[in-house]
Structure formats: C-alpha cells, structure tokens
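Trainee: Could you take me closely through the salt bridges here, and then through the contact that they belong to?

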Amino acid sequence: MKVIRYNEEDFEGFVQDLISTGRIEGKEAGIAKLMLDKGYDALSDKQKYVFDKMINENSVEECKRCAIDIPWCEMLEALENGGYCNYCQHMMEKIEQE
Ligand SMILES: [Zn+2]
C-alpha cells in the first residue's frame with residue numbers, strides 16, 4: 001500500500017473500523033490509536049513498520065476486476081468479498097442473478 005494514500009480523508013475512518021471490528025488487536029491496535037491521535041508522522045520507525053505491515057495485511061491495493069484503487073471507505077467490504085470495489089461487486093451480483 002502506498003503511504004501517500006494514508007493522506008486520503010477516509011483513511012482514518014478505515015483505521016477506526018479496523019479497531020472497532022476487532023480486525024486488529026493488541027500492539028497493532030495501540031499503534032493504530034496513536035496514529036489516529038498524533039498522525040502517522042509522529043510514529044517511530046519501528047511503529048511505522050508495524051503499522052504499514054498491519055495495513056498491508058488488512059487492505060487490497062486495487063480492485064481485481066477493474067484495477068482502480070479501492071477507496072478506504074470500501075476497503076472492509078473488499079477484504080470480505082475477495083478484493084473487489086463496490087461497483088464490481090454490484091455488477092457481479094447482477095450477472096449472477098441473470
Ligand atoms: Zn472494480
């Protein structure tokens with residue numbers, strides 16, 4: 001995941017959701033809370049390493065079907081549907097029903 005995408009406005013909401021859904025726990029959740037509180041730049045190199053790894057494990061870089069960057073607000077769904085954006089998921093559901 002590109003660190004520049006941490007600046008997108010819905011990223012913090014995504015991190016909050018990772019904590020509230022219990023996807024991340026313990027040390028990772030602690031660092032995520034610190035990031036929400038102080039910002040990514042305030043993390044130590046070690047904390048950034050843990051945080052980046054955690055984000056990589058809990059995100060999909062791009063949609064498997066149309067290859068767009070998955071917006072953070074759709075990321076939890078993308079993790080559950082196998083890596084598709086909302087639009088493609090919707091299209092595939094439509095195709096399945098026909
Ligand atoms: Zn897509």
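Mentor: Let us begin with lysine 53 and glutamate 57, whose side chains meet in a salt bridge at 3.6 Å, N to O, the term meaning a side-chain nitrogen of Lys or Arg within 4 Å of a carboxyl oxygen of Asp or Glu. Please keep in mind that this is a predicted model, in which local features need pLDDT of at least 70 and side-chain atom pairs count only at pLDDT 80 or more, while totals for chains, interfaces and linings use all residues. Residues are numbered from 1 along each chain as its sequence is written, and side-chain values use heavy atoms, with hydrogens and water left out.

Both lysine 53 and glutamate 57 lie in helix α3, four residues apart, about one turn of the helix; helices (H or I, at least four residues) and strands (E, at least two) are DSSP runs, numbered from the N terminus. Lysine 53 is partly exposed, with a relative accessible area of 41%, where buried means under 20%, exposed over 50% and partly exposed in between, with a 1.4 Å probe and protein chains only.

The structure holds four salt bridges. One of them joins the side chains of glutamate 8 and arginine 5 at 2.9 Å, N to O; glutamate 8 is partly exposed at 31%, whereas arginine 5 is buried at 3%. Another pairs lysine 2 with glutamate 61 at 3.4 Å, N to O. Because lysine 2 lies in the segment before α1 and glutamate 61 in the loop between α3 (45-57) and α4 (75-81), this pair ties together parts that are 59 residues apart in sequence. Lysine 2, at 37% relative accessibility, counts as partly exposed, and so does glutamate 61, at 34%.

Turning to the domains, the assignment, whose bounds come from an automatic or database source, gives domain 1 (1-59) and domain 2 (61-98). Their contact, meaning heavy atoms within 4.5 Å, takes 15 residues from domain 1 and 10 residues from domain 2. Together the two domains bury about 1,200 Å², 60% of it on carbon and sulfur atoms, buried area being the accessible area (1.4 Å probe) that two parts lose on being put together, summed over both. Between domain 1 and domain 2 the count is two salt bridges. Elsewhere in the model, the side chains of arginine 23 and glutamate 80 meet in a salt bridge at 3.8 Å, N to O. On the side of domain 1 that touches domain 2, helix α1 (residues 11-20) provides the largest share, four residues.
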